[in-house]
Amino acid sequence: MYKNYLANLFGLRFLPVLLLVGILLTCQSSENVAQAPMPYDPEQVQSALQTLVQDSVLRHGMLAVSVRSLRSQEVVVEHQGQLTLNAASVLKAVTTATALELLGSQFSFETTLAYDGRITTQGVLEGNLYLVGGGDPTFASPLMGQGLPLALAPFVQAVQRAGIRRIEGQIIADESLFDPNTLPYGWIWGDMGNYYGAPVHALNCLDNSYNLWLKPGATIGDPTEVVKTEPYLPGVVFHNRALTAAAGTGDNCVIYGAPYDQVRYTSGTIPQGGLFKVRGAIPDPGMLLISHLRERLKQQGVEVIGKNNSSRLLAQAGQNLPDTVRTVLYRHRSPALGQVAQVTNWYSVNLYAEAMLKALGREEKKQYGDTFAGAKAMKDYWQAQGLDVSGWVLHDGSGLSVSNGITTDLLTGILASMSQRKSYEVFYASLPVAGVSGTLAGMGGSSRIRGNLRAKSGAMTGVLAYAGYFTTATGEPMAFAIISNRHTCNYSTMRQKIETFLAAMVQ
């Protein structure tokens with residue numbers, strides 16, 4: 001009927017032309033349909049997921065996955081989403097998200113220089129000088145482009161501006177803002193002496209880490225020699241048991257030691273060659289900081305008569321901080337929390353995450369700045385947003401505790417909820433981009449993961465996890481979380497297997 005209608009309307013001589021146009025339009029339409037992006041297909045993702053679940057490396061292990069639409073806030077793909085697993089450093093994404101929401105992206109930590117007593121006309125301070133900690137984890141941090149000379153310079157200048165030439169009292173590190181019991185529950189002996197296991201204090205410096213320089217022996221198996229530390233750690237003694245290994249074997253040296261303990265133990269190996277650097281956790285950052293302040297004051301001609309002391313050492317001796325009126329000489333503020341959150345997530349800095357957690361406890365619960373108060377503040381907040389936190393076991397803010405546990409459904413619930421909140425843009429920008437930045441710079445290859453997926457990764461022995469965001473081919477924003485525990489392969493093999501699934505998830 002259609003053909004006869006065209007013939008009557010235009011005449012038979014135009015029919016071939018019309019038919020040709022119709023064929024071309026049909027072909028063009030078919031081509032457009034073929035090139036149009038397909039809707040997100042959870043069944044295809046589920047198929048890729050089953051391939052991973054059935055992999056032999058997970059025969060004795062556990063895997064949980066959740067993929068959630070940001071538009072509907074509903075889960076579209078799930079596997080054991082309610083299973084509580086250790087997500088390692090993925091927890092930093094939750095800590096930074098919570099801190100940005102509750103403290104604000106412009107929040108900053110404060111370090112104060114003050115004195116008690118009086119300053120005479122001759123420039124003599126008849127009293128004590130106090131360095132008061134506000135929990136700033138970035139003070140003198142190399143990650144923030146600083147060091148001790150640059151960070152302490154304005155403090156020394158403040159003393160000089162006040163006309164002080166001699167201090168008859170002590171220099172006291174006031175760390176009373178935070179709990180002196182610095183280690184969260186579940187941190188292990190093998191971590192706490194190393195740089196990544198440095199706990200947060202009310203006063204921090206140099207990311208609470210130092211460099212230990214070791215000299216290898218001439219042959220494999222020879223003992224090594226402690227050469228120096230940077231910075232110098234007065235009073236710290238090393239019992240060195242590290243041995244020499246073949247050139248190119250890298251850093252396999254472990255430093256053991258508890259907070260405040262002046263004795264350090266080393267074991268493992270360093271490679272043959274020249275001097276080799278290993279990073280450790282500073283035993284007492286507050287005391288180290290005031291010792292460097294004292295030295296710089298001396299260099300500028302300011303004499304200090306009294307000894308170095310701290311609120312912790314005073315309490316240990318059964319004494320309290322002097323109950324005197326203090327006059328503030330200088331206030332130092334850290335970079336804004338938005339910047340601190342980005343460094344935390346890009347480089348997975350445990351110290352910064354723990355500082356945020358304690359600040360949450362201090363600011364939100366109006367309690368002593370400790371890990372327990374911070375953990376309660378975090379859980380209470382997300383429960384108040386309507387999320388199920390019953391499967392969340394929280395003992396720190398960084399994910400270093402082996403006792404932590406969280407579900408993938410809760411992770412995507414938090415991520416999806418964040419997409420509707422005021423600090424979302426700052427939080428989203430703080431996450432590493434696959435194939436581009438931070439800890440995900442080497443991830444993604446040529447797949448759609450690269451430049452698309454933004455996520456926080458987490459890894460420790462027997463744990464590999466990722467959580468973050470991606471955009472589908474049709475432009476739909478998604479949140480995802482995947483956690484593997486107790487897999488029987490090494491890290492690089494498991495990472496490749498998870499990457500293959502993530503590529504299918506995004507594709």
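I started with helix α5 (residues 148–161), which lies across β3 (110–115), β6 and β18 and runs at about 160 degrees to β18. I took contact as heavy atoms within 4.5 Å. Axes are lines fitted to C-alpha atoms, for helices over the stretch in contact, with angles from 0 to 180 degrees between N-to-C directions. Helices (H or I, at least four residues) and strands (E, at least two) are DSSP runs numbered from the N terminus.

Ground rules next: this is a predicted model, where local features need pLDDT of at least 70 and side-chain atom pairs count only at pLDDT 80 or more, while totals for chains, interfaces and linings use all residues. Residues are numbered from 1 along each chain as its sequence is written, and side-chain values use heavy atoms, with hydrogens and water left out.

**The sheet.** I then looked up the strand order: an open sheet of five, β17-β8-β6-β3-β18, with mixed pairing. Two strands pair if DSSP finds at least two bridges between them. β17 (308–310) and β18 (327–333) are the edges; each has a single partner strand, so one side of each has no neighbour in the sheet. On average, neighbouring strands are turned by 20 degrees against each other, direction ignored.

I zoomed in on β6 (residues 129–132) and β8 (residues 171–174), which pair in the parallel sense over four bridges. Here Leu-131 stands opposite Ala-173 in β8. Helix α7 (residues 285–299) packs on the sheet too, touching β3, β6, β8 and β17, and its direction makes about 150 degrees with that of β17.

**Two helices.** I checked α4 (residues 91–102) against α11 (residues 371–384): they pack at about 75 degrees, axes 11 Å apart. That makes α4 roughly perpendicular to α11 (65 to 115 degrees counts as such). On the α4 side I found Val-94, Thr-95, Thr-98, Glu-101 and Leu-102, and on the α11 side Ala-377, Met-378, Tyr-381 and Trp-382.

Most residues other than glycine have a negative phi, and most peptide bonds are trans. The bond from Glu-230 to Pro-231 is cis, with omega near -5 degrees; Pro-231 sits in the loop between β10 (225–230) and β11 (237–240).

Asp-207 has phi near 55 degrees, in the loop between α6 (189–192) and β9 (209–215). Asp-207 counts as buried at 8% relative accessibility. Tyr-260 has phi near 75 degrees and lies in the loop between β13 (252–256) and β14 (263–271). Tyr-260 is partly exposed at 21%. My cut-offs: buried is under 20% relative accessible area, exposed over 50%, partly exposed in between (1.4 Å probe, protein chains only).

Definitions and conventions:
Parallel < 35°, antiparallel > 145°, perpendicular 65-115°, else oblique.
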